[in-house]
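Hi everyone, thanks for coming. Please have a look at the sequence and the model on the screen, and then I'll walk you through a few places in it.

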Amino acid sequence: MSEIVLSGIRATGKLHFGNLMGAVQHFVRFQGRGDTCLFFVADLHTLTTLQDPDDMRRNLREIVKDYLAAGLDPQQSILYAQSSVPEIPELSLLLSMLQPLGDLLRIPTFKEKVRGQDESATLGLVTYPVLMAADILGPKATLVPVGEDQVPNVELARRLAHIFNARFGETFVIPSMMDEMVKVPGLDGAKMGKSDGNAIDINAPISEISTLYKKRGVTDPKKVRAGDPGNPYRTVDIAKGVDEGCRSVYAVHELITPGEKEGREIADECRAGTIGCADCKERLVGSIAAILGPFQEKRAALANQDDYVIDVLHEGGKRARVLIAPTVEAVREKMGVIIY
Ligand code: TRP
Ligand code: SF4
């Protein structure tokens, strides 16, 4: 059965290499399988943390350019801005009437960001997951690929769909989650993140990326000289205070260097001491260049194509509305709300 795949991204900044390999490449694969694909920029969600309107407008377009350069095709996938579909916030409001507050208060992001702080936290932050449920349930998505941090939000959407269906009759599809999205380690070995300063900018010149790995890539500290044997795998045991092995180089090799996952050649060379960390990093940068070279070429061609990007968003918004509006209309009617 073909899926309705949906995923959103906030417009908080540009994409980094972790987003590209961990998420966007998956999206491209779904697109090629003939599924119905909806990929959108969650600009309304972005308002919970970013208020500068110029940043918002710019980030949104830049992300769409990144998506296009990475291979998302506006003919095959529906690419849109969340705010182009006014039925989404409408659905969010309707759903909020069924959303138990207790569930919202137990969402980890809510606990981190709102509880324990002063009372200036906004209502938008509290209802963030309900808006996300509307994103997902509106087009009746069957599969939602997300990072681990978004799992509680998708679970909340699933519960909300159950609550609605039980009360008003089968309406929503219960979405499945795909949370095996690859986690790409950043320069320091922690998950690559926008705000951690450990990210690789996908539009940076390869020479710059090379310098970053040389200076900041974290290798096995026990492998001091090139000929010393090393451990390519990071082993962490917090209880025993153990954190050993290569932190930020080999894990990326395994993800992107052709043949490595199957053959483990570099891993063997590392253990045998027949490769040094400098060479190993150089090879990694080669693998990164093989991916980013073609990407950057397409991306550069889009740099001044804002009109085209706006066109893509306009068309995508129309197509998304065609999918979403009938669901929201049905929900409204089932709840007894009629537009007179
Ligand atoms: N909350 C998600 C994030 O911060 C973005 C998002 C908004 C999303 N709506 C969504 C992701 C719907 C998946 C499905 O990354
Ligand atoms: Fe890491 Fe490569 Fe050095 Fe081994 S040789 S520790 S895998 S950088």
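Let's begin with the domain contacts: 13 residues of domain 1 touch ten residues of domain 2, where contact means heavy atoms within 4.5 Å. The assignment for this protein gives domain 1 as 4–184 + 305–334 and domain 2 as 206–301; such bounds come from an automatic or database domain assignment. Their C-alpha centres are 33 Å apart.

Before I go on, a word on the ground rules. This is a predicted model, in which local features need pLDDT of at least 70 and side-chain atom pairs count only at pLDDT 80 or more, while totals for chains, interfaces and linings use all residues. Residues are numbered from 1 along each chain as its sequence is written, chains are lettered from A and ligands numbered from 1 in the order in which they are written, and side-chain values use heavy atoms, with hydrogens and water left out.

Now, which domains supply the lining of the second largest pocket? Domain 1 and domain 2 each give at least three residues. On a 1 Å grid over the protein atoms alone, a pocket is an open set of points with protein on both sides within 12 Å along at least five of seven lines, a cavity is a set where a 1.4 Å probe fits but cannot get out, and lining residues have an atom within 4 Å of a point. The pocket has a volume of about 260 Å³, that is, the space filled by probe spheres set on the points, with grid points joined across faces, edges and corners.

Among the lining residues are Val-182, Lys-183, Gly-189, Glu-254 and Lys-261. Helix H11 (residues 250–256) is the biggest contributor, with three residues; helices here are DSSP runs of H or I, at least four residues long, numbered from the N terminus. By type, the lining has six nonpolar, one polar and four charged residues.

Of its 13 lining residues, Thr-219, Cys-246, Cys-270, Cys-277 and Cys-280 lie nearest the centre. Helix H14 (residues 277–302) gives the largest share of that lining, three residues.

How many disulfides are there? The count is zero, taking a disulfide as a pair of cysteine sulfur atoms within 2.5 Å. Cys-270 is buried at 10% relative accessible area, and Cys-280 is buried at 10% too. Buried means under 20%, exposed over 50% and partly exposed in between, with a 1.4 Å probe and protein chains only.

Over to helix H8 (residues 128–137): ten of its ten residues are buried, so the rest of the structure largely encloses it. One of them is Val-130, which is also a contact of Gln-99, along with Leu-104, Leu-156 and Leu-160, leaving aside neighbours within four places in sequence. Gln-99 sits in the loop between helix H4 (87–96) and helix H5 (101–105) and is buried, at 10%.

Last stop: Met-335, in the segment after helix H15 (306–334). Is Met-335 buried or partly exposed? Met-335 is partly exposed, at 22%. Beyond its neighbours within four places in sequence, Met-335 is in contact with Leu-94, Met-97, Leu-98, Phe-164 and Phe-168.

Definitions and conventions. Helix = DSSP H or I, 4+ residues; strand = E, 2+ residues; numbered from the N terminus. Nonpolar A, V, L, I, M, F, W, Y, C, P; charged D, E, K, R; others polar.
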